[in-house]
Amino acid sequence: MRRLTLAAAALLISGCASNVARETACGRVHGASTWAYCLSGPTSANDVLYYLHGGTGSERSWSDKDMYARPIEGEWQASGYPPPTVISVSLGRLWLLNPDRAREYVTKVIPAIESERRAAPRRRYLVGESMGGFNAIQLAMRHPSTFAKVAALCPGLLTLSPDAG
């Protein structure tokens with residue numbers, strides 16, 4: 001089942017590929033909240049994949065050898081597509097995107113990171129796992145034109161959240 005999920009995620013974001021995850025830079029964006037991020041992969045890529053970690057993760061989760069990134073990157077490499085820049089963004093170990101945070105992510109965080117890192121992506125993709133999968137779904141529903149494709153890996157679906165519904 002895990003292999004099927006990883007293959008499906010790789011196909012969902014086809015057009016992306018990545019070398020073995022290597023952090024190239026980390027930083028912070030200050031707004032109403034302080035967002036941490038790390039970049040992995042080539043910084044000159046045409047495509048950018050935004051990654052949202054699961055609970056207890058961090059902005060470094062994408063390049064953590066024990067996380068899902070390695071098998072996903074293996075699928076991308078096998079596909080032969082040019083690698084994206086992966087930007088892993090975090091607001092802390094446990095966080096949910098309420099409407100204000102989702103708006104800040106799209107209108108302030110993404111433009112600040114892309115401006116600072118001189119990234120002008122042709123396409124943006126979004127992948128989230130567990131809690132990050134829930135956040136990816138929230139972003140996709142609230143800001144559908146921001147990302148070309150979205151993948152939610154094992155999303156934590158909450159029915160008791162004030163933002164559920």
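Residues are termed buried when their relative accessible area is under 20%. The views below show a predicted model.

**Figure 1. Confidence along the predicted chain.** The average pLDDT of the chain is 78, and 76% of the residues reach at least 70. Where pLDDT is low, predicted coordinates should not be read in detail.

**Figure 2. The largest nonpolar core and the elements that supply it.** This core comprises 23 residues. Trp-35, Tyr-50, Val-89, Tyr-105 and Leu-139 have the most contacts inside it. At least two core residues come from each of the strands β2 (34-40), β3 (47-52) and β4 (85-90) and the helices α3 (99-116) and α4 (131-142). Helix α3 gives the most, with six residues. A second, separate core has ten residues, among them Leu-49, Tyr-125, Ala-151 and Leu-153.

**Figure 3. The tilted ring pair of Trp-35 and Tyr-105.** A search of the whole structure returns four aromatic pairs. In the pair shown here, the ring centres of Trp-35 and Tyr-105 lie 5.5 Å apart, and the planes meet at 55°, so the pair is tilted. The partners belong to distant parts of the chain: Trp-35 is in strand β2 and Tyr-105 in helix α3, 70 residues apart. Both Trp-35 and Tyr-105 are buried.

**Figure 4. The edge-to-face pair of Tyr-50 and Phe-147.** The centres of these two rings are separated by 6.2 Å, with 70° between the planes, an edge-to-face arrangement. Tyr-50 lies in strand β3, whereas Phe-147 lies in the loop between α4 and β6 (149-153); the two are 97 residues apart and link distant parts of the chain. Tyr-50 and Phe-147 are both buried.

**Figure 5. The surroundings of Tyr-50 and the aromatic cluster.** Leaving aside residues up to four places away in sequence, Tyr-50 touches Ile-87, Val-89, Tyr-105, Ile-110, Glu-114, Arg-124, Tyr-125, Leu-126, Val-127 and Phe-147. Ring pairs join Tyr-50 with Trp-35, Tyr-105 and Phe-147 into a cluster.

Figure 6. The structure contains one cavity of 30 Å³ or more. The largest cavity has a volume of about 30 Å³, and its lining consists of Leu-39, Thr-43, Thr-85, Arg-117 and Ala-119.

Technical notes
Residues numbered from 1 in each chain as written. Predicted model: local features only at pLDDT ≥ 70, side-chain atom pairs only at ≥ 80, totals over all residues. Heavy atoms only, no water. pLDDT = per-residue confidence, 0-100. Core = buried A, V, L, I, M, F, W, Y, C linked by side-chain atoms within 4.5 Å. Buried < 20%, exposed > 50% of the residue type's maximum accessible area, 1.4 Å probe, protein only. Helix = DSSP H or I, 4+ residues; strand = E, 2+ residues; numbered from the N terminus. Contact = heavy atoms within 4.5 Å. Phe/Tyr/Trp six-rings, centres within 6.5 Å; stacked < 30°, edge-to-face > 60°. 1 Å grid on protein atoms, 1.4 Å probe; cavity = no way out; pocket = protein on both sides within 12 Å on 5 of 7 lines; lining within 4 Å. Points joined across faces, edges and corners; volume = space filled by probe spheres on them.
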